[in-house]
Amino acid sequence: MEPIYAKCNKSCGHKFYVQHFKKDKLQNAIEKTYFTCPNCGREYVCFYTDDHTRKLQATLRELHREMKWIEKDELEGLKRKESDLKQLISNGMASAKKLIEG
Ligand SMILES: [Zn+2]
């Protein structure tokens, strides 16, 4: 994974590279993906996923691998599939977030 440049904009203002995301298991098999500021420990949540959404993410990764090798004329169909999957994933993350953060 590419390191992501982040700034602790909610707390100490420290700038740093995020090398690893942390994961916590919460209720209802929901997983929180987040990172913390190495300076002050402030937590930044990236997203929440439930079981179903994680399966969709895996399918999307698989699809991206497939898209690298496929013939151009078959790409359109896969792109439609990709955008459907992204929509489902973002819906899934939104409802998991709602469940946790209320
Ligand atoms: Zn900080």
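How many aromatic pairs does a search of the whole structure find? The search finds four aromatic pairs, and it was run on a predicted model, which should be kept in mind throughout. The points below take up the rings, then the metal site, the strands, the loop residues and the nonpolar core.

**Aromatic rings**

- A pair of aromatic rings is described by the distance of the centres and the angle of the planes.
- For Tyr 5 and Tyr 17 the ring centres are 5.1 Å apart and the planes stand at 50°, so this pair is classed as tilted.
- This pair links distant parts of the chain, since Tyr 5 belongs to strand E1 and Tyr 17 to strand E2, twelve residues apart, and both Tyr 5 and Tyr 17 are exposed.
- One aromatic cluster is formed by Phe 16, Phe 21, Phe 35 and Tyr 44.
- A further ring contact involves a charge: the charged end of Lys 32 sits over the ring of Tyr 34, at 4.8 Å from the ring centre.

**Zinc site**

- The zinc ion is coordinated through the SG atoms of Cys 8, Cys 12, Cys 37 and Cys 40, at 2.3 to 2.4 Å.
- The site is tetrahedral, with angles of 105 to 115° among the four donor atoms, and the spacing of the donor residues in sequence is C-x3-C-x24-C-x2-C.
- Because Cys 8 lies in the loop between strand E1 (4-7) and strand E2 (15-18), while Cys 40 lies in the loop between strand E4 (31-36) and strand E5 (43-49), the pair ties together parts that are 32 residues apart in sequence.
- Cys 8 is buried, with a relative accessible area of 1%, whereas Cys 40 counts as partly exposed at 38% relative accessibility.

**Strands and hairpins**

- Strand E4 is largely enclosed by the rest of the structure, because five of its six residues are buried.
- Strand E3 (residues 22-25) pairs with E4 in the antiparallel sense over four bridges, and in E4 it is Tyr 34 that stands opposite Lys 22.
- E4 also pairs with E5 in the antiparallel sense, over six bridges, and here Thr 33 stands opposite Phe 47 in E5.
- The hairpin of E4 and E5 has six residues between the strands, among them Gly 41, which takes a positive phi near 85°.

- Most residues other than glycine have a negative phi.
- Asn 28, in the hairpin of E3 and E4 with its five residues between the strands, has a positive phi near 55° although the residue is not glycine, and Asn 28 counts as exposed at 56% relative accessibility.
- Ala 29 is also found in the loop between E3 and E4; its phi is near 60°, again positive in a residue other than glycine, and at 43% relative accessibility Ala 29 counts as partly exposed.

**Nonpolar core**

- In soluble globular proteins, nonpolar side chains tend to be buried together.
- The largest nonpolar core has nine residues in all, namely Leu 56, Leu 60, Leu 63, Met 67, Leu 75, Leu 78, Leu 85, Ile 89 and Met 93.
- Helix H1 (51-69) and helix H2 (72-101) are the elements that give two or more residues to this core, and H2 gives the most, with five residues.

Technical notes: Residues numbered from 1 in each chain as written. Predicted model: local features only at pLDDT ≥ 70, side-chain atom pairs only at ≥ 80, totals over all residues. Heavy atoms only, no water. Donors = N, O, S within 2.8 Å, 3.2 Å for Na, K, Ca; no water. Tetrahedral: all angles 85-135°; square planar, octahedral: opposite > 155°, others 65-115°. Buried < 20%, exposed > 50% of the residue type's maximum accessible area, 1.4 Å probe, protein only. Phe/Tyr/Trp six-rings, centres within 6.5 Å; stacked < 30°, edge-to-face > 60°. Lys NZ or Arg CZ within 6 Å of the ring centre and 35° of its normal. Pairing = 2+ DSSP bridges. Core = buried A, V, L, I, M, F, W, Y, C linked by side-chain atoms within 4.5 Å.
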